[in-house]
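Good morning, colleagues. Please look at the structure as I speak.

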Amino acid sequence: MRATDFEFRNRFWVIFALFGAGFACYFVDHRNAAQALTRLLHLDDRMGLHVLFGLGAVLAFAAAALRTWASAYLRSAVVKDAALHADRLVADGPYRHLRNPLYLGTYLLTIAFALMASPLGFLVMVGGMLVVLLRLIGREEAELERGQGGSYDAYRRAVPALWPAFVPRVAASGARPEWRQAVAGELMMWAFALGAAAFAATFNQWILYGFVALGMIGYLPGKRAT
């Protein structure tokens, strides 16, 4: 299961389109996923929604923090580049615990925002994103194995792909993180997390839209892909 060159180069837009498709499901399924879950669990509607959207906001902040940590070691320029970089193996920071922390961060954000979609949209976003990410991982790992050979094969056997190990699986390489560029590169994720938290507290969708717009505006000018 490997992404094509077109999918990899345009992965930001593939993910963006998947979010759009998920929320477009409201045209055929008019319910809200979080509201449907509160009723399934027999929770008080308003309090249940605050709790579920609050948990979504926690996931969004975890996603932003994880991606920032990963970008501090991989560098934001590489994260956003349309080209696939297989010239070096990064095995420090979060990469000692899992091979794909950036994609796990993207998946956590997807779950957080899927709670705001319809039940059908939730399935489209969460299920579709898993397929997209597995295809991207397959493409990247094939290139890394070709470029790094036995060193990457040993790393892949030691470190899980998406489910993080509690303790580091490989020794630290001594790489130094660059936090300023990492935070700047992941400002979109932090804006989305703030929007999710504001929505959980107020249920005001326009505040959410504002934070999403700020995140997109801040991200697009400096991106080369995602």
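Let me begin with a definition: a residue is called buried under 20% relative accessible area, exposed over 50%, and partly exposed in between, using a 1.4 Å probe and protein chains only. This is a predicted model, in which local features need pLDDT of at least 70 and side-chain atom pairs count only at pLDDT 80 or more, while totals for chains, interfaces and linings use all residues. Residues are numbered from 1 along each chain as its sequence is written, and side-chain values use heavy atoms, with hydrogens and water left out.

I turn to the salt bridges. The term means a side-chain nitrogen of Lys or Arg within 4 Å of a carboxyl oxygen of Asp or Glu. The whole structure contains 11 salt bridges.

In one of them, D5 pairs with R139, and the closest N and O atoms are 3.5 Å apart. D5 belongs to helix α1 (residues 5-9) and R139 to helix α7 (residues 119-148), so this pair ties together parts that lie 134 residues apart in sequence. Helices here are DSSP runs of H or I with at least four residues, numbered from the N terminus. D5 is partly exposed, at 40% relative accessibility, whereas R139 is buried, at 17%.

E186 forms a salt bridge with R67, with 3.0 Å between the closest N and O atoms. This pair also links distant parts of the chain, 119 residues apart: E186 sits in the loop between α9 (179-185) and α10 (187-202), and R67 in helix α4. Both E186 and R67 are buried.

E143 is partly exposed at 24%; R146 is exposed at 56%. Elsewhere, salt bridges with shared partners join E145, D153, R156 and R157 into one network.

Finally, the helix contact. The axes of α4 (residues 45-74) and α6 (residues 101-114) come within 8 Å and cross at roughly 160 degrees. Axes are lines fitted to C-alpha atoms, for helices over the stretch in contact, and angles run from 0 to 180 degrees between N-to-C directions. The contact, meaning heavy atoms within 4.5 Å, includes R67, L59 and L66 of α4 and L104, L108 and I111 of α6.

How values were computed: Helix = DSSP H or I, 4+ residues; strand = E, 2+ residues; numbered from the N terminus.
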